[in-house]
Amino acid sequence: MSSVFDKYAKRSVPRYTSYPTAPHFKAEFSEALYREWLGRLDPNEPISLYLHVPFCQQMCWYCGCNMKLSARYAPVSAYVECLIAEIDLVAGALPARMRVAHVHFGGGTPTALDPGDLAAIMGRIAERFQLEPGAELAIESDPRTLTDAMIERIGALGFNRASFGVQEFDPKVQAAINRIQPPEMVARATEGLRAAGVRRINFDLIYGLPHQTATALRQTVEQCVAMRPDRVALFGYAHVPWMAKNQRMIPEDALPQSTERAAQAEAAAAALVSGGYARIGIDHFALAGDPLAIAARAGELRRNFQGYTSDAAQTLIGVGATSIGRTPKGYVQNAAETGAWSRAVSAGRLSVARGHSMSAEDALRAHVIERIMCDGAIDLSAAGRAFGFEEEWWTVEKTMLAELQGDGVISQEKDRLALAPDSMHFARIVASVFDAYLRAAPVRHSVAV
């Protein structure tokens, strides 16, 4: 590996699923302000919904999500009741019965719900919103606990995309991360959902896991390609045990170092490309007919809290504990603790715990960071003009960009910045140059590669 790789690969930078990133949201954000934002939305513009279900039936040591083990179903049932009540609260704050283009159930494991409860939630969404024809209805799942009854219900409810966390098929790695899941189990779930009418399937893979090797990961990719998912996300494992206590179960001396992580990422990416998948941004791959690949070719790729997306809606409403929403005015995040969230909802309040009002400069920097993450290129002066700023708005960043150019990470022709060929894995580093909040108050993040 080159000295340039060594210089940047271990730097701590955000994943930039938003700007500013969630650690910079302000605490005790006003519920009244969020209600005002919702009430002033354009009723003619479609919105998107994200619903968070934090429950899992089994713990995975690598997981950094907000989740709870559900040994009993009673807490899950109570959560569903509050989730439906929150749907009513949010819908009541909107100026009209809004059109919805995307619905995404994340977690946790949304398929830990009883099939009847999933149907009840979808029924309330249909009552309070207008689902657009062809709307994307997506749900995350765990093949280890996905039942035939849930597969049948998912299909009957009209879901057209499902995501699986595959991660890695190597038995040694699976044992180290507490996720035993042979290929046959994933194939069965995939085939069952397709037979039920779910047209598009996503797989998530992870590199940088304990005991993982590039050879084993490539074999996992080849097994996945044989199942022909429409979309594959290839994430680098983020070891953040100071945030996710369950990660303390992973022995740090078993984790691959930066050069091996890079080799794993390259081997997996090469296998996906040779299998017919197009590279999308820093960590996604998609078949040519998938909406993500279509959006990337058209220069319309977007970035939100689920990663890369073809969702063009300017408003994403988050429902459920810890969920994050976005409107043209800014970001809001619900209380992370399910008790605090449910108490607020039961009292008829939107459970807003943190948020951020976007300034004009925030909007400009968010646009620049998103285009770097999605396209690997941006005309900085043109972006400034589009947002009402002077062409030289990026004077402070010039020294840092010159260093990146000197290291061969980027090229610059006048005011146009572009990542060098084969440098998309450094997109987070380049994007971080424009992160004014990170410069002012550094926050610990995962490594860049």
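Colleague: In this predicted model, at roughly what angle do the axes of helix H3 and helix H4 cross?

Modeller: Two packed helices are described by the angle between their axes and the distance between the axes. Take H3, residues 74-93, and H4, residues 115-128. Their axes come within 10 Å, and the crossing angle is roughly 5 degrees.

Colleague: Is H3 roughly parallel or roughly antiparallel to H4?

Modeller: The axes cross at roughly 5 degrees. Angles under 35 degrees count as roughly parallel. So H3 and H4 are roughly parallel.

Colleague: How many residues of the contact of H3 with H4 are nonpolar?

Modeller: H3 brings residues including Val80, Leu83, Ile84 and Ile87. Two residues of the contact are polar and four are charged; the nonpolar ones number eight.

Colleague: Which residues of H3 make the contact with H2?

Modeller: The axes of H2 and H3 come within 8 Å and cross at roughly 65 degrees. The contact divides into four nonpolar residues, one polar and one charged. From H2 come Arg35, Leu38 and Gly39; from H3 come Leu89, Val90 and Ala93.

Colleague: At the start of H2, which residue has the backbone nitrogen that a side-chain oxygen of Ser30 reaches?

Modeller: The oxygen belongs to the side chain of Ser30. It comes to within 3.2 Å of a backbone nitrogen, that of Ala32.

Colleague: Is Asn44 buried or exposed?

Modeller: Asn44 sits in the loop between helix H2 (31-39) and strand S2 (47-53). Its relative accessible area is 58%. Over 50% counts as exposed. So Asn44 is exposed.

Colleague: How far apart in space are Asn44 and Arg99, C-alpha to C-alpha?

Modeller: In sequence, Asn44 and Arg99 are 55 residues apart. In space, the distance from C-alpha to C-alpha is 7.7 Å.

Colleague: Which residues does the cis peptide bond with omega of about -5 degrees join?

Modeller: Most residues other than glycine have a negative phi, and most peptide bonds are trans. Gly108 is in the loop between strand S5 (99-107) and H4. The cis bond with omega of about -5 degrees joins Tyr19 and Pro20.

Colleague: What is the phi of Tyr16, and is this residue buried or exposed?

Modeller: Tyr16 lies in the loop between H1 and S1. Its phi is positive, about 55 degrees, although Tyr16 is not a glycine. Under 20% counts as buried. At 3% relative accessibility, Tyr16 is therefore buried.

Colleague: Where does Gln167 lie, and what is its relative accessible area?

Modeller: Gln167 has a positive phi, near 70 degrees, and is a residue other than glycine. It lies in strand S7, residues 161-167. Gln167 is buried, and its relative accessible area is 6%.

Definitions and conventions
Residues numbered from 1 in each chain as written. Predicted model: local features only at pLDDT ≥ 70, side-chain atom pairs only at ≥ 80, totals over all residues. Heavy atoms only, no water. Axes fitted to C-alpha atoms, helices over the stretch in contact; angles between N-to-C directions. Helix = DSSP H or I, 4+ residues; strand = E, 2+ residues; numbered from the N terminus. Parallel < 35°, antiparallel > 145°, perpendicular 65-115°, else oblique. Contact = heavy atoms within 4.5 Å. Nonpolar A, V, L, I, M, F, W, Y, C, P; charged D, E, K, R; others polar. Buried < 20%, exposed > 50% of the residue type's maximum accessible area, 1.4 Å probe, protein only. Polar contact = N/O pair within 3.5 Å; in protein donor to acceptor, adjacent residues only side chain to side chain.
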